[in-house]
Each structure stands twice: as structure tokens, then as C-alpha cells.
Amino acid sequence: MRTTVGIIGAGPAGLLLARLLHNAGIDSVVLESRDRSYVEHRQRAGILEQGTVDVLRAAGAGERMDREGLRHDGIELRFAKQRHRVDFPGLTGGRSVMVYAQTEVCKDLIALQLKEGGPLLFEAEALEVEGAESGRPRVRFRHEGREDVLECEYVVGCDGFWGVARKAFPAGLSRVFERTYPYAWLGILADVAPSHDELVYARHDRGFALLSMRSPSVSRLYLQVPAGTDAEAWRDEEIWDELERRFETDDDWRLERGPITQKSVTPMRSYVHEPMRHGRLFLAGDAAHIVPPTGAKGLNLAVGDVVTLARALAHEKETGSPELLETYSTTCLRRIWQAERFSYDMTTLLHTSPEDTPFDARLQLARLGRIASFRAAETDLAEAYTGFPLDV
Ligand code: RFL
Ligand code: PHB
């Protein structure tokens, strides 16, 4: 098998890259180790930045998103029983975000790819990337019980944090910057209308809580729990009781309960692998970097990477110049480090840590008070949350 761009992974990064390349007249093959249903139902991100929404529309993948997605013009910060709304368009000159789940983005991109794009093979596991430094990189993979080879001009690892592409970087080239946190998120999906029309990020002495949503009738909620917690250790009523405590206000706001249909625990990690290019092998999305989910940046960063890469590949095709491919890593890393910084700030602003002292708790409240009282601080948050420009 032979193609111009071999893409490993059919998450949002791999699927969108295939679509952008198709639109630029560049052929590709996508290899995905899991089956279609798994990829379409894996519960993850919920928030699309303005720039991500614009990219999906321009790629011809925005039709259902525009019909079913929920435009959000702000978030609520909740602390010390107080509620503070951050008004995005008012602070950023008109920007907002969209609530449209990653599962739905993937369904839309898969349908487009199967209808109009190049081959997308499910249950095709990449085993190894070979010859990244040669002119002809190859991906060895297993599909339908047989081993095969995909010969490419370029290989892109969009295979997430646990993928194989990163392993093809020589040890002497790779630099890893990493931080783990002593807490995790217990996430639930519940068949109940969201108790607020915007997301609520709550700081409480008992820990962080987040109210989000998937639709007008489905809520998505998260609770900070100790790292290593087993989701099944929490009974449904215990989860609702704890959410209720952490979202407490001094007005008459109430948390509505409903049947919980899914429960899972997500560890929290910050991680960056530098560089993101080795010869003709490129990394994009979670394969190269992870942010804790508090800033809602992971999926949006993946989109930024593949837009940058698709532009660079199209530029090379049109002009013969590899210039943009050579600067791909440094271009992406500037934006990635801004998102790492913001995700870290949001995480440490809102979570309690086992080693925290009462002094740390007071500092968090002072930081939150500053955002609630000083327009410059609030604008800083609103600009980062709604998204950094793609070329920064
Ligand atoms: P993915 O989605 O992990 O996809 C990688 C794909 O590669 C496949 N794969 C392989 N295929 C072939 N051969 C191999 N050897 C392979 N190894 C792996 C995998 O099966 C998979 O299909 O990475 P991608 O495309 O880079 O996308 C990144 C996003 O998924 C991730 O950053 C976000 O979900 C992070 N995230 C959020 N991001 C946001 O922008 N906004 C949010 O609100 C948000 N909330 C979240 C999140 C992530 C969460 N979890 C569960 C980590 C909330 C949570 C709880
Ligand atoms: C989600 O809806 O899953 C979600 C929203 C905002 C975040 C993280 C996750 O910061």
C-alpha cells in the first residue's frame, strides 16, 4: 500500500488532517487501531474554541455542529458561595465558544471521510514507523490478522498519548517536559437538563467541581477525586451529594439530579514532547502534548497542530519549498506552551492539593477575587479560554 501522507490514529487530529489534506488535493490513508463505534462513543472533550469552529466550518464539517451545537458566551466561576460570570464577547471583542462534543466531531468527520475522502481503516494497528529520516518512511501495521506496510512520503502520528509514532524519535532528540497532579476527575453523564445554561467551574475547600453539558437534556459533570480513584467506588447518590456540596451558593440555585448513564475517572497530566518533527515524521495532538482538562484546550490544540501541518504540506506541494514543514514544530510549540500555561493556571486556581496549607487556600481566593474585580485579569482568562490565534 502506498500514499502521500500516512496518518496514524482516527481521533480528532487524524480525521481532521485527512479532511484538510483531501480539500488541498493531497491523498492520505488513515490507520486506526480501534473500531468505528469505539472512536465515535469515547466520551471526552466538550468545548470548541471559536477558531476550531471556524476551521470545521471551512473544512465543510460544520453543518450539524451549526444546527445542534450550543453557542456559549460565558462561563461561571463559583467560589466562597459566590457566583461570577465571565462575559466572553464583551471582554474579547466578540469571541465565544461552542458546546459540541468530541464524539460528534468525530462522527461528522468519519462520515465525510468515508463518503468523499481516502481510505480510513478501522482495527488497523500501527506497529512501528520506520525510515523517518529517509525519503520514504513506512508504517508497519496489522489489519484483519495480517501484517502489512504503508509506504509514504510523510507519516503523521495522530495516535494519542499511548501511540507508537513518538517511539520512532531517537532518544537523543526527544525532550520531555512533564507534570502529574495528585488528583483526577470523576466524570459522569446524566439524563437530566443542565442546572445552569453555561458551564460552572467551582472552587471549594472539598475540591473542584465542573458542570458541563452535552445537550439541553444531558448533563456532563466532573468531581475532583484523589489520583487512582476507582469510579465504581462512588455510588450515584454519593456523587450527587458531593456535587451539591461543592456547587453550594448563598442564593436559591439548585442542582437537578437524574439517572447517571456513564462514570469514569480521568488522570490529570501536563506533558510536552519536543520536537514534533523528526525527518519526515510529524506528531500532532495528544501524541505530542497533554494538558489537564480544566482549560478545555486538548482538542483545540490538536486542531491547531493539524491546520498548521496541512498548510505546510500544501505549501510544499504548491511551491516545492519545505520551509513551513521545517518550522512546523516551533510554530506549534509556541501555541502549545501558551495552552500549557493556561491549563496549569486554571488547574491550580481551582483544585485543592493534599499538601495545600490554609495560606494556599487564601491565595486561590485572592486569585479568583482578582479575576472577579479587575477587568484586565478577567480579560486575560476570557482571551485564553476562547482561544489563541492559530498562527501564534
Ligand atoms: P486521541 O483522541 O487520543 O486519538 C488518538 C487515536 O489514535 C488511535 N491509536 C492508534 N491507531 C493506530 N495504531 C496505533 N498504534 C494507535 N495508537 C492509538 C487511538 O485509538 C485514537 O483513536 O488524540 P487526538 O486526535 O490528538 O485528540 C486529542 C483529544 O482527544 C484530547 O486532547 C481531548 O479529548 C482533551 N479534552 C478536552 N479537550 C478540549 O479541547 N476541550 C475539552 O473540553 C476537553 N475535555 C478532554 C476533556 C479529555 C478528557 N479525557 C478523557 C482525557 C475531558 C476529558 C475528561
Ligand atoms: C466537557 O464538557 O467535557 C468539558 C468542558 C470543559 C472542560 C473540560 C471538559 O474544561
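**Ligand shells and selected residues in a predicted model**

Methionine 268 is found in strand E17, residues 260–274 (helices, H or I, of at least four residues and strands, E, of at least two are DSSP runs, numbered from the N terminus). The model is predicted: local features need pLDDT of at least 70, side-chain atom pairs count only at pLDDT 80 or more, and totals for chains, interfaces and linings use all residues. Residues are numbered from 1 along each chain as its sequence is written, chains are lettered from A and ligands numbered from 1 in the order in which they are written, and side-chain values use heavy atoms, with hydrogens and water left out.

Methionine 268 counts as buried because its relative accessibility is 3% (buried means under 20% relative accessible area, exposed over 50%, partly exposed in between, with a 1.4 Å probe and protein chains only). When neighbours within four places in sequence are left aside, the residues in contact with methionine 268 include Tyr181, Tyr183, Trp185, Pro293, Thr294 and His351 (contact means heavy atoms within 4.5 Å). The peptide bond from glutamate 274 to proline 275 is cis, with omega near -5°.

Pro293 also belongs to the surroundings of ligand 2, where 13 residues are found and the closest are Tyr201, Ser212, Arg214, Tyr222 and Pro293 (a residue is near a molecule or strand if one of its heavy atoms lies within 4 Å of it). A polar side-chain atom of serine 212 lies 2.6 Å from an oxygen atom of ligand 2 (a polar contact is a pair of N or O atoms within 3.5 Å; within protein, one must be able to donate a hydrogen and the other to accept it, and residues adjacent in sequence count only if both atoms are side-chain atoms). Polar backbone atoms also approach oxygen atoms of ligand 2, at 2.8 Å for proline 293 and at 3.4 Å for threonine 294. Ligand 2 taken alone exposes 280 Å², of which the protein buries 97% (accessible areas come from the Shrake-Rupley method with a 1.4 Å probe; for residues, only the protein chains shown count as cover). Strands E14 (199–203) and E15 (209–215) each supply at least two residues of this shell, and E15 gives the largest share, three residues. By class, the shell around ligand 2 has eight nonpolar, three polar and two charged residues (Ala, Val, Leu, Ile, Met, Phe, Trp, Tyr, Cys and Pro count as nonpolar, Asp, Glu, Lys and Arg as charged, and the others, Gly among them, as polar).

Around ligand 1 there are 33 residues, and Glu32, Arg44, Gln102, Asp286 and Leu299 come nearest. Oxygen atoms of ligand 1 lie 2.9 Å from a polar backbone atom of alanine 13, 2.7 Å from a side-chain N or O atom of aspartate 286 and 3.1 Å from a side-chain N or O atom of asparagine 300. On its own, ligand 1 has 1,000 Å² of accessible area, and the protein covers 89% of this. Helix H1 (12–23), strand E9 (124–130) and helix H8 (298–319) are the elements that give two or more residues to the shell. The shell around ligand 1 divides into 14 nonpolar, 11 polar and eight charged residues.

Gln102 also lies in helix H6 (residues 102–116), whose end C-alpha atoms are 21 Å apart; this agrees with the 21 Å that its 15 residues should span at 1.5 Å a residue (the expected span is 1.5 Å times one less than the number of residues). Buried residues of H6 include Gln102, Val105, Cys106, Leu109, Ile110 and Leu112.

Arginine 203 is placed in strand E14 and, at 5% relative accessibility, counts as buried. Its side chain makes a polar contact of 2.8 Å with the side chain of glutamine 364. Beyond its neighbours within four places in sequence, arginine 203 is in contact with residues including Arg78, Phe79, Ala80, Leu349 and Gln364.

Alanine 80 lies in the loop between strands E5 (74–79) and E6 (82–87) and, at 52% relative accessibility, counts as exposed. Lysine 81, found in the loop between E5 and E6, counts as partly exposed at 40%. Most residues other than glycine have a negative phi, and most peptide bonds are trans. Phi is positive in alanine 80, near 50°, and in lysine 81, near 65°.
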